[in-house]
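Here are my notes for your first look. Keep the structure open beside them as you read.

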Amino acid sequence: MPKDVMICPAEARAKSHVEFTPIAINQYDKTIAQELAAGTFSKEDLIRIQRDMMVIRAFENMLDSVKRQGHYQDIPYEHRGPAHLSIGQESAAVGQAYLLDVEDHVYGSHRSHGEILAKGLSAIQQLDDDHLLKIMREYFDGDCLRVVEKDATGDVKSLAMDYLVYGTLAEIFAREAGFNKGLGGSMHAFFPPFGVYPNNAIVGGSADISVGAALFKHVNKRPGIVIGNIGDAASACGPTWEALCFATMDQFKELWAESHRGGLPLIMNFVNNFYGMGGQPLGETMGFKVLARIGAGLNPQQMHAERVDGFNPLAVIDAIRRKKEILLKGDGPVLLDTITYRFSGHSPSDASSYRGREEVEAWQKMDPVHTFAADLVAAKVCTKKQIEKMQAEVDELILKAYKKAIDLSVSAHADLKQNDCLLQRVMFSDQRIEKFSDAPVDVRMPLEENPRVKQLAGRSRSGLDENGKPLPKQRCIAIRDALFEAIIDRFYTDPTLVAYGEENRDWGGAFAVYRGLTEALPYHRLFNSPISEGAIVGTAVGYALEGGRPLVELMYCDFMGRAGDEIFNQLAKWQSMSGGLLKMPVVLRVSVGSKYGAQHSQDWSSMCTHIPGLKVVFPATPYDAKGLMYSALLGTDPVVFFESQRIYDMPELFQPGGVPKEAYEITMGEPDVKRPGKDLTILSVGATLYRALAAADELAERHGVSCEVIDARSLVPFDYTKVIESVRKTRKILLTSDACERGSILHTFASKITQFAFDELDAPPVVVGSRNWITPADEVEDAFFPQPADMIDAVHEHLLPLAGYSLMRPCSTSDHIRWSAQGV
């Protein structure tokens, strides 16, 4: 969209060829003796590499024994949870972690026990004793440390190894002393102080999250790189492709200011064990033959793609060293195809019926845990007895952790049946943070000089004149303007705040909310993304997990389907799965359309309310929009912020004095009485507020019915107090929104109101939503969305018979039963 990037027809139509450079495959060929002679490694370094592989193997063998046989070394334990083991993949994990420090962050998959241990062991080697003790004492107030230090022997690094192995295992066994309070479990365990960030049970789930993490480091100039570890089968996942396209956008190197120009510090590492469960990408489910080939299709640098022999830890270390240099020069991102092999099945219940025994045995003959040990002995780095002694020490380390982790008197589960339990407390963080960094904000002009700020200064803050008469909309602060005022103000306060999505820069947002931001903000704080809804939300998750505040936008509510996993499995869950350790200050703006038919006019707000962990708001007035946006951009929880395209131009008609110029916050969860009444309560969601008011006008004028109209404003959380108070007075309630009636949040509201105020009701609550159809064309959509007449029909038929009234459309109980039987 930038005007200075001209699309030249002569160039676009000229004859040419796309040239590719060869992609390196398993090029590392140095021996241990050569590396020792070159001083690349000391003998101690090489022995540590072997030890770390042995720790992972012993840990995974222990879990395999527990899952398959119900015991480890004859000590019984029933682990009912999952265990996706990485037996055979140890050298790939250890080689990757060897050169990484705690500022280098790794994100992984469901098969990441080895990566947690490898990165943790590398961090323990690098950190001094004081730092290690500080981490262990402060992490969750030392809960994990108190378990392991009781019988600790040896030095601080030995204690830290006990801590790492126990904390990981306790998490897998859902113990409260685990690294994530037992709320993450096997597939989601992580430990940020060592640079181990969330591992993901969704295949490819860490792809876009790791891109967002790298984006945070790049935008905020934080040290370190990011590695996204995903499986080879994840290469077929849509979010993975979206992540790769996002990561390789030209603008990072060509449009961003010199201070921030350069590629993202990211390695997308495909841990290529040649299987996706039982499917085999090589020769069956994919066509690339060599996964590294993917990089050639993404940018002219081919993502510096390379295949690396993950069965040789030194080859992986060499690749990480070279690729890290590329990233630090600003020429990322990088794609690695790290081949390895899992000797065990996808999980212990997998009998490996999809592969032959001879294949597994051929790989086992090259088992790095054994072959690297033999090479160390051959190179006189150590003796066989030293290897055996080290194995015994490792086995004791694992057994020690196992005994503690299975003992409920030492390692208890969190009591999730008690009131205000741990999980209930960590679903939301509910904090208010003014800014996530003390760095100066990067802006292009003083706020008061912004052209839109100047323009809005001349508009009425209210939609009514001094006599209460409506003013022309173009002379008033509208919803889009109120949103803009809150958003631009926060950009001048929180330096980590970024906004992106489709058509955000230059265009000003598809519905003009961002008009004026382009003039105010540099490229790295406001930019256009690919049309990749999954990556828009997924990268926001990664950006927030690293400590920033992203404001991202989906142009239409209907496009949420493209980002379903990222909204429902990622955005909603990481605060609670971290045991309350992490925060998720993401604001996801979602615009609800109309007049564009079946795929651009749906209200899916109810879908979001069904997912625990999301806050959901839907303001319908400028005053509420500004106040709720301030609250969202100051909070620490994920907020899905719905906006209706029908009413972006609506001025403030309710708040005395109109929309304040200064900042203010509206508490989420508080509905607002827009019009008091005594005979009937109407609870509306979103743009139906104005149709509810029209219905209330007609009911009052023609039938003498006084309606109390309440705007929900927030859907999650929701405080029923004002609604119950109203129902006690009116004894009847109608609920309305533009969402399809079936499965609507309105039914949850109605059910709760019935439960909370049953004795106060003269009739059951009545829901008036959109029809359970596709959204028809604009010319006839008034038959689909609830209109004032539909509300009055429902009042007459179900709540309060109106003298002399004739129904506009059928809506009896028998009609609803018949429609339900038809599925409509």
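**Notes on cavities, sheet and helices**

1. The second largest cavity holds about 50 Å³ of space. A cavity here is a set of points, on a 1 Å grid over the protein atoms alone, where a 1.4 Å probe fits but cannot get out; lining residues have an atom within 4 Å of a point. Volume is the space filled by probe spheres set on the points, with grid points joined across faces, edges and corners. Asp 232, Asn 272, Phe 274, Pro 281, Leu 282, Phe 288, Lys 289, Leu 291 and Arg 307 form its lining. By class, that makes five nonpolar, one polar and three charged residues. Nonpolar covers Ala, Val, Leu, Ile, Met, Phe, Trp, Tyr, Cys and Pro; charged covers Asp, Glu, Lys and Arg; the others, Gly among them, are polar.

2. A word on the basis. This is a predicted model: local features need pLDDT of at least 70, side-chain atom pairs count only at pLDDT 80 or more, and totals for chains, interfaces and linings use all residues. Residues are numbered from 1 along each chain as its sequence is written, and side-chain values use heavy atoms, leaving out hydrogens and water.

3. How many cavities of 30 Å³ or more does the structure hold? There are six. The largest cavity has a volume of about 120 Å³. Its lining has 16 residues, with Ala 92, Ala 93, Glu 115, Asn 269 and Val 271 nearest the centre. Helix α4 gives the most to this lining, four residues. Helices (H or I, at least four residues) and strands (E, at least two) are DSSP runs, numbered from the N terminus.

4. Now the sheet. Seven strands form an open, parallel sheet in the order β1-β8-β9-β7-β6-β4-β5. Two strands pair if DSSP finds at least two bridges between them. β1 (24-25) and β5 (196-199) each have a single partner strand, so one side of each is left without a neighbour in the sheet. β4 (residues 105-108) pairs with β6 (residues 226-231) over three bridges. Within that pair, Val 106 stands opposite Ile 227.

5. Last, two helices. The axes of α3 (residues 43-69) and α5 (residues 113-126) come within 10 Å and cross at roughly 145°. Axes are lines fitted to C-alpha atoms, for helices over the stretch in contact, and angles run from 0 to 180 degrees between N-to-C directions. Contact means heavy atoms within 4.5 Å. Among the residues that meet are Val 55 and Phe 59 in α3, and Leu 117 and Leu 121 in α5.

Terms used. 1 Å grid on protein atoms, 1.4 Å probe; cavity = no way out; pocket = protein on both sides within 12 Å on 5 of 7 lines; lining within 4 Å.
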